[in-house]
Amino acid sequence: MFDPILQLEHITKSFDGKKILNDFDLEIGRNEFVTLLGPSGCGKSTILRIIGGFVRPDSGRVFFEGQDITMLPPEKRNVNTVFQKYSLCPHKNVEENIAFGLKLKKKSSDYIRDKVKYALKLVNLDGFEKRDTLSLSGGQQQRVAIARAIVNEPEVLLLDEPLGALDLKLRHEMQRELIKIKKEVGITFLYVTHDQEEALMRSDRIIVMNKGIIQQAGDSQSIYDEPQNAFVADFIGESNIIDGIMVKDLLVNIQGVDFPCVDTGFGENNPVDVVIRPEDLEIVKAGEGYLTGQVISIIFKGAYYEIKVKVNDYEWMIQSVDPAPIGELVGLTIDPDNIQIMHKPLRDDEEVVRDE
Amino acid sequence: MKRLKDFASGIYIGLIGLFLYAPILVLIILSFNKSRSRVKWGGFTFDWYVKLFANKQIKEALITTVILALASAAIAVLIGVPGALGIHAMSKRRYKVMMAFTNIPMLNADIVTGIALMLWFVHFIPLGFGSVLLAHITFNIPYVILSVMPRIQQMNISVYEATRDLGAGPVYGFFKVLLPEMMPGIISGFFMAFTMSMDDFVITYFTKGAGVNTLSTMIYGQIRKGIKPEMYALSTLIFLAVSAILLISNGISAARKAPKQNDEERI
């Protein structure tokens, strides 16, 4: 049963006259691991800051376990935040940083010592009590920041791109550890990131946002496999997004060729967007697939080759373990299962983000 | 080529030194000159300094100047720092408007400020120490705001927010996190305000009324009767005091910067 711990209702917020959130609703269940995913400026951090109490919404209300906390200051809320970076107090050592919240709550020194020890063990920093915070690496600092939040036993932990400042390898390591920590402490995690890989890796539920509007919510699998609009398809993973015409149920016309597919309910002869993931396209001999085109580039990416094949005016991106020589005519084929049909965007927030 | 460059820059420095500091050096030398002449050296003496300290009028002016500078700088800090925080929190457009209003009094001619304040004060309060103090606070506030604002903009707000997040109230957060972060700006703002107040003649002259004298207005009054060598001695002391303040405040900000740079390397 869905047991909501946090509810945001009709939240609206503008900064400098620019509307960041407009009538935004969100429900988060107890013990869920929810990720807010979107490009920078999409309003995801603002939501976190509204829940944390650092930003007051222009209108709308925030409920925590059914209680209205919209006007409550941050220190009165039973949530804690792990900030992007550099949020440790530089004049205190690791132990003093972690103990800070407990000291304010006037806990006994025995209790504090045990809690700090437990938290440091949880984030793999046993024995770091007396270390100077400034002597720690970026990854270690973020571990301390997580420990510092967790010792207060919050009901909800808010994480604002906590791994954003770390290098790739460390980020992967910390992602795995976060899942472990989540399992161990068993509280609600609300995680904000613009990194789709981070989001796919560990969330119970991903909420994809653009321009302050939720584009799609669901588990990793459904978001990757069944994007509901061009924005989501483009933002999550690599994809070929091309215009198509839904001839009838189970048949879509792309570049003048009819493809069998598995989607229904898009009407007859309706323009649609078609999403095909590069790893789902298969290169075959010229003339054998649905489409025929010329290989125009090939890049070795380690585990696979990224091949571009030009068919008429469109360049298809294909990921394949077998190389294909540039200039050669090849055929392209695809499983009906792997063709994803979407409605044309109704609003600009549903469109692909273009780099200008 | 390098020698030519060194030579040229040496000459440049030399010229700057000559034009800026040679006159002050002459003043300092004359303050120890036994002869009253401004061109002849009559031997070394401390007489003018002794006479200076025996002069009751000068002593009073000195005390007034220091109290005025300290009080106006301190009050300007108390008003300017919260003001800067408030302006910083404004929207971009209002921020720009407020900062423009902050800059105008600094660029405005002293004579305009002085006369305007005088006209304003005579309606409400008797001209005297109180009116001079108010005037000095008025022109000091912009200096405090301008030196605190860059610190506020660079401030890492995450530490403050984390403190609040962990259960500390706004008062605790302000005094334990925000204030220490702003301190270098506050100190330099205080010293700037202090020296501006010590330095001012025009505005003080218009707002002081009868009976109150700061060093600058007093020296002006004395000079009308002819320049006495005591004035050289007094000017020398003022120059040394201002230089000392400058060195101390630079030393403080350098000492605060040094460990900060280390931090960034370690991160």
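I started with helix 2 (residues 94-104) of chain A, where Val94(A), Asn97(A), Ile98(A), Ala99(A), Phe100(A), Gly101(A) and Leu102(A) are buried. Buried here is 20 or more other C-beta atoms within 10 Å of a residue's own, exposed is 12 or fewer, and partly exposed is in between, with C-beta atoms placed from the backbone. I'm working from a predicted model, in which local features need pLDDT of at least 70 and side-chain atom pairs count only at pLDDT 80 or more, while totals for chains, interfaces and linings use all residues. Residues are numbered from 1 along each chain as its sequence is written, and chains are lettered from A and ligands numbered from 1 in the order in which they are written.

Helices and strands are DSSP runs numbered from the N terminus (H or I of at least four residues for helices, E of at least two for strands).

**Entry 1: around helix 2**

What covers the buried residues of helix 2 of chain A? I found that the cover includes helix 3 (109-122) and helix 4 of chain A. Contact means that two C-beta atoms, placed from the backbone, lie within 7 Å.

**Entry 2: the side towards chain B**

I looked up the interface next: 20 residues of chain A are in contact with 16 residues of chain B. On the chain A side, the elements giving two or more residues are strand 6 (79-82) and helix 2. Helix 2 of chain A gives the most, with three residues. By class, I get nine nonpolar, eight polar and three charged residues on that side of chain A. For the classes, Ala, Val, Leu, Ile, Met, Phe, Trp, Tyr, Cys and Pro are nonpolar, Asp, Glu, Lys and Arg are charged, and the others, Gly among them, are polar.

**Entry 3: helix 4 against helix 5**

Two packed helices are described by the angle between their axes and the distance between the axes. For helix 4 (residues 138-150) and helix 5 (residues 168-185) of chain A, the axes come within 12 Å and cross at roughly 15 degrees. Axes are lines fitted to C-alpha atoms, for helices over the stretch in contact, with angles from 0 to 180 degrees between N-to-C directions. Helix 4 and helix 5 of chain A are therefore roughly parallel to each other. The cut-offs are under 35 degrees for roughly parallel, over 145 for roughly antiparallel, 65 to 115 for roughly perpendicular, and oblique for the rest.

Which residues make the contact? From helix 4 of chain A they are Gly139(A), Gln142(A), Ile146(A) and Ile150(A), and from helix 5 of chain A they are Leu170(A), Met174(A), Ile181(A) and Val185(A). I count this contact, by class, as six nonpolar, two polar and no charged residues.

**Entry 4: two open sheets**

The sheet I checked here has five strands in the order 15-19-16-17-18 (chain A), is open, and pairs antiparallel. Strands pair if DSSP finds at least two bridges between them. Its edge strands are strand 15 (282-285) and strand 18 (314-320) of chain A, each pairing on one side only. The twist averages 50 degrees from one strand to the next. Strand 15 of chain A is joined by four bridges to strand 19 (residues 329-333) of chain A, and they run antiparallel. I picked out Val284(A), whose bridge partner in strand 19 of chain A is Gly331(A).

Another open sheet of five strands has the order 13-12-11-14-20 (chain A), with antiparallel pairing. Strand 13 and strand 20 (340-342) of chain A are its edges, each pairing on one side only. Neighbouring strands of this sheet are turned by 45 degrees against each other on average, direction ignored. Three bridges join strand 11 (residues 240-248) to strand 12 (residues 251-254) of chain A, running antiparallel. Lys248(A) has Leu251(A) as its bridge partner in strand 12 of chain A.

**Entry 5: two asparagines with positive phi**

Asn31(A) has a positive phi of about 65 degrees although it is not a glycine. I located Asn31(A) in the loop between strand 2 (18-29) and strand 3 (33-37) of chain A.

Asn269(A), also not a glycine, has a positive phi of about 55 degrees. Asn269(A) is in the loop between strand 13 (257-260) and strand 14 (270-276) of chain A. Is Asn269(A) buried or exposed? It is exposed, with 10 other C-beta atoms within 10 Å.
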